[in-house]
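This briefing describes selected local features of one protein model. Please examine the sequence and the structure before reading the points that follow.

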Amino acid sequence: MSASNPWTRSTLPIIGTAMNDKSMCQACKRHISRGQVRIGVIFHHLNGYIALDWHHLTCCETPDLLPQVEGYELLPTQAKDQVSTYIQQYQVLSI
Ligand SMILES: [Zn+2]
């Protein structure tokens, strides 16, 4: 990241489920369907703006962190199941 970039990426993402079909994953550029788990990466601008980049659960590269991120406790049980299943798959793949 260059020094002139006014955006700072927040270290902690947030997690939630998509309310509609309108959010787009910034990793694969495909839409996130309603009800799917999505991960939001927060960017803070020097001027005080905040931007949020959404990602599919399956496009998230740090699934191990997800149970600690903001919003996880508020997820419906079914969504938590999706997250824990993905974490397990991810751990198997990275061994
Ligand atoms: Zn994606």
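Lys 29 counts as exposed because 7 C-beta neighbours lie inside 10 Å; the label exposed applies at 12 or fewer other C-beta atoms within 10 Å, buried at 20 or more, and partly exposed in between, with C-beta atoms placed from the backbone. This is a predicted model, in which local features need pLDDT of at least 70 and side-chain atom pairs count only at pLDDT 80 or more, while totals for chains, interfaces and linings use all residues. Residues are numbered from 1 along each chain as its sequence is written.

**The loop residue**
- Lys 29 lies in the loop between strand E2 (14-17) and strand E3 (37-45); strands (E, at least two residues) are DSSP runs, numbered from the N terminus.
- Although Lys 29 is not a glycine, its phi is positive, at about 60°.

**A buried strand residue**
- Val 37 belongs to strand E3 and is buried, with 25 other C-beta atoms within 10 Å.
- The C-alpha atoms of Val 37 and Leu 57 are 5.8 Å apart, and the two residues are 20 apart in sequence.

**Strand pairing** (at least two DSSP bridges between two strands)
- E3 runs antiparallel to strand E1 (residues 7-9), joined by three bridges; Thr 8 has His 44 in E3 as its bridge partner.
- E2 and E3 are also antiparallel, with four bridges, and Thr 17 stands opposite Val 37.
- Seven bridges join E3 to the antiparallel strand E4 (residues 50-56), where His 56 stands opposite Arg 38.
- E3 and E4 form a hairpin with four residues between them, and Gly 48 in the turn has a positive phi of about 100°.
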